[in-house]
Amino acid sequence: MSDLVLSDLADGVLTLTFNRPERLNAWTEALGTRYFDLLTEAETDPAVRVIVVTGAGRGFCAGADFQTLTALQEGTLERVADTRPNTLPTTIGKPVIAAVNGACAGLGMVHALICDLVFTAAEAKWTTAFARRGLIAEYGLAWVLPKLVGQARALDLLLSGRTFTGEEAAGMGLALRAVPGEALAGEVAAYARELAVMSSPTSMAVIKQQVWGDWDLNLDASRTKAEKLMAASFGRADFAEGVASFLEKRPPEFPPFTG
(Lines give C-alpha, C1' and ligand atoms only; values in the text may rest on other atoms or scores of the structure.)
Protein backbone atom coordinates (compact mmCIF):
# COMPACT_ATOMS: atom_id res chain seq x y z
CA MET A 1 0.00 0.00 0.00
CA SER A 2 2.88 2.38 0.77
CA ASP A 3 3.95 2.24 -2.90
CA LEU A 4 0.62 3.65 -4.10
CA VAL A 5 1.95 7.16 -3.43
CA LEU A 6 5.66 7.86 -3.59
CA SER A 7 7.12 10.45 -1.20
CA ASP A 8 10.32 12.46 -1.63
CA LEU A 9 11.50 15.40 0.50
CA ALA A 10 14.22 17.79 -0.69
CA ASP A 11 14.97 21.41 0.21
CA GLY A 12 11.73 21.82 2.14
CA VAL A 13 9.60 20.55 -0.77
CA LEU A 14 7.71 17.26 -0.34
CA THR A 15 6.80 15.65 -3.66
CA LEU A 16 3.95 13.13 -3.54
CA THR A 17 3.53 11.01 -6.68
CA PHE A 18 0.44 8.94 -7.42
CA ASN A 19 2.00 5.63 -8.39
CA ARG A 20 -0.36 3.50 -10.46
CA PRO A 21 1.12 4.35 -13.88
CA GLU A 22 -0.31 1.24 -15.53
CA ARG A 23 -3.80 2.63 -14.73
CA LEU A 24 -2.94 6.29 -15.42
CA ASN A 25 -2.98 6.66 -11.62
CA ALA A 26 -6.72 6.04 -11.44
CA TRP A 27 -8.06 6.73 -7.96
CA THR A 28 -8.83 3.94 -5.51
CA GLU A 29 -9.81 4.20 -1.86
CA ALA A 30 -6.46 2.68 -0.87
CA LEU A 31 -4.56 5.27 -2.91
CA GLY A 32 -6.66 8.04 -1.39
CA THR A 33 -6.01 6.81 2.14
CA ARG A 34 -2.26 6.70 1.54
CA TYR A 35 -2.29 10.18 -0.03
CA PHE A 36 -4.26 11.65 2.86
CA ASP A 37 -1.98 9.93 5.39
CA LEU A 38 1.05 11.55 3.78
CA LEU A 39 -0.63 14.97 3.67
CA THR A 40 -1.55 14.66 7.35
CA GLU A 41 2.02 13.69 8.26
CA ALA A 42 3.36 16.62 6.24
CA GLU A 43 1.13 19.01 8.17
CA THR A 44 3.13 18.44 11.36
CA ASP A 45 6.57 17.84 9.83
CA PRO A 46 8.68 21.01 10.30
CA ALA A 47 10.95 19.95 7.45
CA VAL A 48 8.07 20.23 4.96
CA ARG A 49 7.30 23.75 3.78
CA VAL A 50 5.63 23.11 0.40
CA ILE A 51 3.90 20.04 -1.06
CA VAL A 52 3.88 19.09 -4.75
CA VAL A 53 1.44 16.47 -6.05
CA THR A 54 1.97 14.75 -9.41
CA GLY A 55 1.54 11.42 -11.18
CA ALA A 56 3.88 8.68 -12.32
CA GLY A 57 4.08 7.88 -16.01
CA ARG A 58 1.70 9.41 -18.55
CA GLY A 59 -1.12 10.48 -16.25
CA PHE A 60 -1.84 12.73 -13.29
CA CYS A 61 -5.01 10.88 -12.28
CA ALA A 62 -7.51 9.48 -14.78
CA GLY A 63 -10.39 9.61 -12.30
CA ALA A 64 -11.96 6.82 -10.30
CA ASP A 65 -10.68 3.38 -11.25
CA PHE A 66 -13.24 1.57 -13.40
CA GLN A 67 -12.79 -1.59 -11.35
CA THR A 68 -13.85 0.46 -8.33
CA LEU A 69 -16.84 1.88 -10.21
CA THR A 70 -17.89 -1.59 -11.36
CA ALA A 71 -17.65 -2.97 -7.82
CA LEU A 72 -19.63 0.02 -6.55
CA GLN A 73 -22.33 -0.61 -9.16
CA GLU A 74 -22.48 -4.30 -8.27
CA GLY A 75 -22.45 -3.64 -4.53
CA THR A 76 -19.24 -5.62 -4.01
CA LEU A 77 -16.90 -2.75 -3.17
CA GLU A 78 -14.95 -3.27 0.06
CA ARG A 79 -14.87 0.18 1.62
CA VAL A 80 -11.79 1.54 3.36
CA ALA A 81 -12.64 3.05 6.75
CA ASP A 82 -11.53 6.63 6.03
CA THR A 83 -13.84 9.48 6.89
CA ARG A 84 -11.56 12.31 5.72
CA PRO A 85 -13.16 14.43 2.98
CA ASN A 86 -11.73 14.65 -0.52
CA THR A 87 -11.24 18.37 0.13
CA LEU A 88 -8.59 17.59 2.79
CA PRO A 89 -5.76 19.37 0.88
CA THR A 90 -7.55 22.71 1.34
CA THR A 91 -7.23 22.33 5.13
CA ILE A 92 -3.51 21.50 5.17
CA GLY A 93 -1.61 24.54 6.44
CA LYS A 94 1.07 24.33 3.78
CA PRO A 95 0.85 25.20 0.07
CA VAL A 96 -0.16 22.22 -2.07
CA ILE A 97 0.80 22.50 -5.74
CA ALA A 98 -0.57 20.16 -8.40
CA ALA A 99 1.78 19.33 -11.27
CA VAL A 100 -0.61 17.88 -13.87
CA ASN A 101 1.73 15.87 -16.06
CA GLY A 102 -0.90 14.01 -18.09
CA ALA A 103 -4.47 12.69 -18.08
CA CYS A 104 -6.55 14.63 -15.54
CA ALA A 105 -10.13 13.39 -15.53
CA GLY A 106 -13.15 13.28 -13.24
CA LEU A 107 -12.04 12.74 -9.67
CA GLY A 108 -8.49 13.42 -10.81
CA MET A 109 -9.57 16.88 -11.94
CA VAL A 110 -11.18 17.41 -8.54
CA HIS A 111 -7.90 16.58 -6.83
CA ALA A 112 -5.96 18.92 -9.08
CA LEU A 113 -8.29 21.86 -8.46
CA ILE A 114 -8.49 21.49 -4.68
CA CYS A 115 -4.74 22.06 -4.58
CA ASP A 116 -3.78 25.67 -3.95
CA LEU A 117 -1.94 26.13 -7.24
CA VAL A 118 -1.93 24.14 -10.47
CA PHE A 119 0.77 23.83 -13.10
CA THR A 120 -0.01 21.69 -16.14
CA ALA A 121 1.70 20.17 -19.11
CA ALA A 122 0.37 22.09 -22.11
CA GLU A 123 -0.49 18.85 -23.88
CA ALA A 124 -2.15 17.16 -20.88
CA LYS A 125 -5.74 16.02 -21.50
CA TRP A 126 -8.34 17.34 -19.05
CA THR A 127 -12.03 16.41 -18.71
CA THR A 128 -14.73 16.46 -16.04
CA ALA A 129 -16.23 13.32 -17.67
CA PHE A 130 -19.08 13.02 -15.13
CA ALA A 131 -22.05 13.72 -17.41
CA ARG A 132 -20.72 11.21 -19.94
CA ARG A 133 -20.69 8.53 -17.24
CA GLY A 134 -24.17 9.26 -15.90
CA LEU A 135 -22.75 10.96 -12.82
CA ILE A 136 -22.81 14.45 -11.28
CA ALA A 137 -20.18 17.03 -10.33
CA GLU A 138 -18.37 15.29 -7.48
CA TYR A 139 -16.81 16.43 -4.22
CA GLY A 140 -17.29 20.18 -4.44
CA LEU A 141 -16.33 20.62 -8.10
CA ALA A 142 -19.62 22.46 -8.74
CA TRP A 143 -18.51 24.95 -6.06
CA VAL A 144 -14.87 25.31 -7.18
CA LEU A 145 -15.25 25.52 -10.97
CA PRO A 146 -17.53 28.60 -11.22
CA LYS A 147 -15.25 30.49 -8.85
CA LEU A 148 -12.24 29.73 -11.03
CA VAL A 149 -13.65 30.16 -14.53
CA GLY A 150 -17.15 31.65 -14.19
CA GLN A 151 -20.54 29.98 -14.43
CA ALA A 152 -20.77 29.67 -18.23
CA ARG A 153 -17.37 27.98 -18.63
CA ALA A 154 -18.01 25.79 -15.60
CA LEU A 155 -21.30 24.59 -17.03
CA ASP A 156 -19.67 23.97 -20.41
CA LEU A 157 -17.02 21.74 -18.84
CA LEU A 158 -19.49 19.93 -16.58
CA LEU A 159 -22.39 19.45 -19.00
CA SER A 160 -20.37 18.53 -22.07
CA GLY A 161 -17.69 16.45 -20.37
CA ARG A 162 -15.52 17.41 -23.32
CA THR A 163 -11.77 16.86 -23.38
CA PHE A 164 -9.53 19.92 -23.43
CA THR A 165 -5.79 20.54 -23.18
CA GLY A 166 -3.67 21.89 -20.38
CA GLU A 167 -3.04 24.95 -22.52
CA GLU A 168 -6.79 25.67 -22.60
CA ALA A 169 -7.02 24.91 -18.87
CA ALA A 170 -4.45 27.61 -18.14
CA GLY A 171 -6.16 30.01 -20.52
CA MET A 172 -9.42 29.60 -18.58
CA GLY A 173 -7.74 30.04 -15.21
CA LEU A 174 -7.77 26.43 -14.03
CA ALA A 175 -3.97 26.37 -13.98
CA LEU A 176 -1.43 29.04 -13.16
CA ARG A 177 0.88 27.98 -15.98
CA ALA A 178 0.91 25.57 -18.91
CA VAL A 179 4.39 24.49 -19.99
CA PRO A 180 5.75 21.76 -22.27
CA GLY A 181 5.54 18.42 -20.50
CA GLU A 182 9.29 17.90 -20.41
CA ALA A 183 9.72 21.22 -18.57
CA LEU A 184 6.90 20.73 -16.04
CA ALA A 185 8.79 19.06 -13.19
CA GLY A 186 11.62 21.60 -13.29
CA GLU A 187 9.25 24.56 -13.46
CA VAL A 188 7.21 23.37 -10.49
CA ALA A 189 10.30 22.45 -8.46
CA ALA A 190 11.83 25.90 -8.95
CA TYR A 191 8.58 27.64 -7.95
CA ALA A 192 8.10 25.40 -4.91
CA ARG A 193 11.69 25.89 -3.73
CA GLU A 194 11.31 29.66 -3.93
CA LEU A 195 8.21 29.49 -1.72
CA ALA A 196 10.04 27.21 0.71
CA VAL A 197 12.99 29.60 0.99
CA MET A 198 11.51 33.07 0.65
CA SER A 199 8.00 32.93 2.18
CA SER A 200 7.05 32.61 5.83
CA PRO A 201 5.42 29.20 6.45
CA THR A 202 3.06 30.75 9.00
CA SER A 203 2.11 33.58 6.64
CA MET A 204 1.43 31.07 3.86
CA ALA A 205 -0.76 28.98 6.17
CA VAL A 206 -2.82 32.00 7.24
CA ILE A 207 -3.13 33.34 3.68
CA LYS A 208 -4.23 29.91 2.46
CA GLN A 209 -6.94 29.82 5.13
CA GLN A 210 -8.04 33.32 4.15
CA VAL A 211 -8.33 32.51 0.45
CA TRP A 212 -10.21 29.23 0.89
CA GLY A 213 -12.29 30.47 3.83
CA ASP A 214 -13.20 33.99 2.70
CA TRP A 215 -15.07 32.97 -0.48
CA ASP A 216 -18.28 32.81 1.54
CA LEU A 217 -17.72 36.12 3.36
CA ASN A 218 -18.68 39.58 2.20
CA LEU A 219 -16.04 42.28 1.81
CA ASP A 220 -16.60 43.85 5.23
CA ALA A 221 -16.37 40.50 7.01
CA SER A 222 -13.20 39.59 5.12
CA ARG A 223 -11.63 42.97 5.95
CA THR A 224 -12.51 42.69 9.63
CA LYS A 225 -11.05 39.20 9.79
CA ALA A 226 -7.88 40.38 8.02
CA GLU A 227 -7.40 43.25 10.48
CA LYS A 228 -7.31 40.78 13.37
CA LEU A 229 -4.98 38.44 11.52
CA MET A 230 -2.65 41.31 10.61
CA ALA A 231 -2.50 42.47 14.23
CA ALA A 232 -1.47 38.95 15.23
CA SER A 233 1.19 38.83 12.51
CA PHE A 234 2.82 42.02 13.82
CA GLY A 235 3.57 40.16 17.04
CA ARG A 236 5.26 37.14 15.44
CA ALA A 237 8.99 36.62 14.96
CA ASP A 238 8.33 36.12 11.25
CA PHE A 239 7.54 39.81 10.85
CA ALA A 240 10.81 40.91 12.47
CA GLU A 241 12.77 38.41 10.37
CA GLY A 242 11.00 39.41 7.18
CA VAL A 243 11.91 43.07 7.70
CA ALA A 244 15.47 42.32 8.84
CA SER A 245 16.21 40.00 5.91
CA PHE A 246 14.90 42.60 3.46
CA LEU A 247 17.02 45.38 4.94
CA GLU A 248 20.08 43.13 5.16
CA LYS A 249 19.55 41.85 1.59
CA ARG A 250 19.70 38.17 2.57
CA PRO A 251 17.36 35.17 2.38
CA PRO A 252 15.03 35.03 5.39
CA GLU A 253 15.30 32.39 8.09
CA PHE A 254 11.66 31.85 8.96
CA PRO A 255 10.69 29.27 11.60
CA PRO A 256 8.51 26.31 10.56
CA PHE A 257 4.72 26.52 10.66
CA THR A 258 3.57 25.15 14.02
CA GLY A 259 -0.18 25.06 13.51
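**Helices, sheet and salt bridges in a predicted model**

Arginine 223 and glutamate 227 both belong to helix 9, four residues apart, about one turn of the helix. Helices (H or I, at least four residues) and strands (E, at least two) are DSSP runs, numbered from the N terminus. The structure is a predicted model, in which local features need pLDDT of at least 70 and side-chain atom pairs count only at pLDDT 80 or more, while totals for chains, interfaces and linings use all residues. Residues are numbered from 1 along each chain as its sequence is written, and side-chain values use heavy atoms, with hydrogens and water left out.

Arginine 223 forms a salt bridge with glutamate 227, their closest N and O atoms lying 3.3 Å apart. A salt bridge is a side-chain nitrogen of Lys or Arg within 4 Å of a carboxyl oxygen of Asp or Glu. Arginine 223 is partly exposed, because its relative accessible area is 42%; buried means under 20% relative accessible area, exposed over 50%, and partly exposed in between (1.4 Å probe, protein chains only). Glutamate 227, at 47%, is also partly exposed.

The structure holds 13 salt bridges. One of them joins the side chains of aspartate 37 and arginine 84 (2.8 Å, N to O). This pair links distant parts of the chain, 47 residues apart: aspartate 37 is in helix 1, and arginine 84 is in the loop between helix 2 (66-74) and strand 5.

Six strands form an open sheet in the order 1-2-3-5-7-10, with mixed pairing; two strands pair if DSSP finds at least two bridges between them. Strand 1 (5-10) and strand 10 (177-179) stand at the edges with a single partner strand each, so one side of each is left without a neighbour in the sheet. Strand 1 pairs with strand 2 (residues 13-18) in the antiparallel sense over six bridges, and leucine 6 stands opposite threonine 17 in strand 2.

The 13 residues of helix 8 (residues 201-213) should span 18 Å at 1.5 Å a residue, and its end C-alpha atoms are 18 Å apart, which agrees; the expected span is 1.5 Å times one less than the number of residues. Its buried residues pack against several elements, including strand 5 (96-100), helix 3 (107-113) and helix 9 (219-234). Threonine 202 lies in helix 8 and counts as buried because its relative accessibility is 11%. Leaving aside neighbours within four places in sequence, threonine 202 is in contact (heavy atoms within 4.5 Å) with Arg236, Asp238, Pro256 and Phe257.
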